[in-house]
Every structure is written in C-alpha cells, then in structure tokens.
Amino acid sequence: MRIHDIQDVDGRVLAFEVPSFFLDRRAVRQIVQAIPGATLLAYRPFKERLCEFKVGGVGFLVHEHWGESDRYWIRDTFARARPFLWFVRF
C-alpha cells in the first residue's frame, strides 16, 4: 500500500496518508486492532474522526481529513496490510 508522509516545516513526519479506495472504514478498524498492544478507544464509522486508539500509552487518531477524502491519516501496520475492499490480509 502506498503511504504519503505529512511533514512539518522541519521535515519531521507528523502524520501520513493511505489511500482509502480499497480500504473501507471497517477495514481501518481491523488494521488498528491488529497493531500489537493497541487499545481501540473509540470507533465512529460515520464521522470524520473515524477512530482513536492508544499504543504504549500514546494516543493516535484515524482521521479522514476532508470528510469524503480518498485518504486516511495513519501508518506502519497499514504499510503491511494488503486490503481489498473490506477483506484485510496481513
């Protein structure tokens, strides 16, 4: 899966985008739940702030930045996922 880094002015990665064409909201939740040590805190399938989770005490947000955008902001486990519509393979 192609990942697009979002960098701050100093070049540090502060977010990333993954295409949502073959990745629906349910698949995003499945990928988050597959992250070792992740705790899913909230899942809102019809909201821009799709889900919130923690890994090692650090909070993360899956956010569909412009509502009906074609990319979600997230990383790593997403890089390994091979989704096809709602079916996710790792």
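## How much is buried

Of the 90 residues of the protein, 33% count as buried. Here, buried means under 20% relative accessible area, exposed means over 50%, and partly exposed is in between, using a 1.4 Å probe and protein chains only. This is a predicted model, in which local features need pLDDT of at least 70 and side-chain atom pairs count only at pLDDT 80 or more, while totals for chains, interfaces and linings use all residues. Residues are numbered from 1 along each chain as its sequence is written, and side-chain values use heavy atoms, with hydrogens and water left out.

## The order of the elements

Let's walk along the chain. The protein has 2 helices and 6 strands, and from the N terminus on they run β-β-α-β-β-β-β-α. Helices (H or I, at least four residues) and strands (E, at least two) are DSSP runs, numbered from the N terminus.

Among contacts (heavy atoms within 4.5 Å) between residues at least 6 apart in sequence, 41% join residues at least 24 apart.

## The largest nonpolar core

In soluble globular proteins, nonpolar side chains tend to be buried together. A nonpolar core is a set of buried Ala, Val, Leu, Ile, Met, Phe, Trp, Tyr and Cys residues joined through side-chain atoms within 4.5 Å. The largest one here has 13 residues, and those touching the most other members are Val18, Leu23, Val28, Val32, Cys51, Phe53 and Val62. At least two residues of this core come from each of strand 2 (13-19), helix 1 (25-34) and strand 4 (49-55). Helix 1 gives the most, with 4 residues.

Val32 has its place in helix 1, and its relative accessible area of 0% makes it buried. Val32 and Cys51 are 19 residues apart along the chain, with 8.9 Å between their C-alpha atoms.

## A closer look at helix 1

Which residues of helix 1 are buried? They are Arg25, Ala27, Val28, Ile31 and Val32. These residues cover an arc of only 155 degrees around the axis, so they lie on the same side of helix 1. The arc is that of the directions from the helix axis to the C-beta atoms.

With a relative accessible area of 17%, Arg25 is buried, and a polar atom of its side chain lies 2.8 Å from the backbone oxygen of Lys47. At the start of helix 1, a side-chain oxygen of Asp24 comes to within 3.3 Å of the backbone nitrogen of Arg26. Both are polar contacts: a pair of N or O atoms within 3.5 Å, where within protein one must be able to donate a hydrogen and the other to accept it, and residues adjacent in sequence count only if both atoms are side-chain atoms.

## Rings and a charge

Rings of Phe, Tyr and Trp (its six-membered ring) pair if their centres lie within 6.5 Å; planes under 30 degrees apart count as stacked, over 60 as edge-to-face and the rest as tilted. By this rule there is 1 aromatic pair. The ring centres of Phe53 and Phe60 are 5.3 Å apart and their planes are at 20 degrees, so the pair is stacked. Phe53 is buried at 4% relative accessibility, whereas Phe60 is partly exposed at 39%.

Another ring has a charge over it: the charged end of Arg29 sits 4.7 Å from the centre of the ring of Tyr43. For this, NZ of Lys or CZ of Arg must be within 6 Å of the ring centre and within 35 degrees of the ring normal.
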